[in-house]
Amino acid sequence: AKQSMRSYMIVVENLETCKIVAATTLLLELKFIHAGGVVGHIEDVVVNSEYRGKGLGVLVVQWAVTAAKEAGAYKCILDCSEENVGFY
C-alpha cells in the first residue's frame with residue numbers, strides 16, 4: 001500500500017516582524033488512474049490584509065504549482081471560489 005496523500009504548507013514570512021504574511025496548502029493526491037499519478041490541490045490561499053496587492057498570493061500559488069510539478073503531478077487544481085480565481 002502506498003501513502004495516498006501528502007501535504008505541504010507554503011508560507012511567506014516578514015523577517016522583520018517574524019510574522020507569516022501569506023500562505024497556502026498544497027495537497028498531493030495519488031490517483032489510481034494514470035498509473036498511480038499525482039494530482040496537486042492548492043487550497044487555503046491567504047494573504048494578510050496589510051500585504052495584499054503586493055503579489056504574494058500569486059507567489060505562493062506559483063510556488064505550489066512548481067512543487068507539484070517537481071513531485072511529478074500531471075495536473076494541479078486551484079480549489080477556491082470562482083470570484084477569487086482572478087487574484088491568482
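In the predicted model, the buried residues of helix α2 are covered by elements that include β1 (5–14), β2 (19–30), β3 (38–47) and β4 (73–78). The residues concerned are Leu56, Gly57, Val60, Val61, Ala64 and Ala68. Viewed down the axis of α2, these buried positions fall within an arc of 140°, so they line one face of the helix. An α-helix has 3.6 residues a turn, so residues three or four places apart point the same way. On the face of α2 turned away from the buried side, Lys69 and Glu70 are exposed. The helix itself runs over residues 56–70, a stretch of 15 residues. From its first C-alpha to its last, α2 reaches 21 Å, close to the 21 Å expected at 1.5 Å a residue. Just after α2, Gly72 adopts a positive phi of about 90°.

The protein chain contains 2 helices and 4 strands, arranged along the sequence in the pattern β-β-α-β-α-β. Taken along the principal axes, the C-alpha atoms fill a box of roughly 45 × 30 × 15 Å. Of the 88 residues of the chain, 31% count as buried. Among contacts with a separation of 6 or more, 48% are accounted for by residues 24 or more positions apart.

The largest nonpolar core comprises 17 residues. Within this core, the residues with the most contacts are Val12, Ala22, Leu26, Ile42, Leu56 and Val60. At least two core residues are supplied by each of β1, β2, β3 and α2, and the largest share, 5 residues, comes from α2. Two of the residues with the most contacts inside the core, Leu56 and Val60, are also among the buried residues of α2. For Ile42, with neighbours within four places in sequence left aside, the contacts are Thr24, Thr25, Leu26, Val61, Ala64, Val65, Cys76, Ile77, Leu78 and Asp79. Of these partners of Ile42, Val61 and Ala64 are buried residues of α2.

Strand β3 also holds His41, which is buried at a relative accessible area of 15%. The cut-off for a buried residue is under 20% relative accessible area, so His41 falls in this class. The side chain of His41 takes part in two polar contacts: one of 2.7 Å with the side chain of Glu29, and one of 3.4 Å with the side chain of Asp79. With residues up to four places away in sequence not counted, His41 touches Thr25, Leu26, Leu27, Glu29, Ile77 and Asp79.

The structure holds 1 salt bridge. Lys31 is partly exposed, with a relative accessible area of 27%.

Thr25, one of the residues touched by His41, is located in strand β2 and counts as buried at 11% relative accessibility. Excluding residues up to four places away in sequence, Thr25 touches Tyr8, Met9, His41, Ile42, Glu43 and Asp44.

Asp44, in strand β3, has a positive phi of about 55° although it is not a glycine. Cys18 is placed in the loop between β1 and β2 and is exposed, its relative accessible area being 60%.

In the segment after β4, Val85 is partly exposed, with a relative accessible area of 41%. The C-alpha atoms of Val85 and Thr66 are separated by 18 Å, the two residues being 19 residues apart along the chain.

Methods:
Residues numbered from 1 in each chain as written. Predicted model: local features only at pLDDT ≥ 70, side-chain atom pairs only at ≥ 80, totals over all residues. Heavy atoms only, no water. Expected span 1.5 Å × (residues − 1). Buried < 20%, exposed > 50% of the residue type's maximum accessible area, 1.4 Å probe, protein only. Arc of directions from axis to C-beta. Contact = heavy atoms within 4.5 Å. Polar contact = N/O pair within 3.5 Å; in protein donor to acceptor, adjacent residues only side chain to side chain. Core = buried A, V, L, I, M, F, W, Y, C linked by side-chain atoms within 4.5 Å. Salt bridge = Lys/Arg side-chain N within 4 Å of Asp/Glu carboxyl O.
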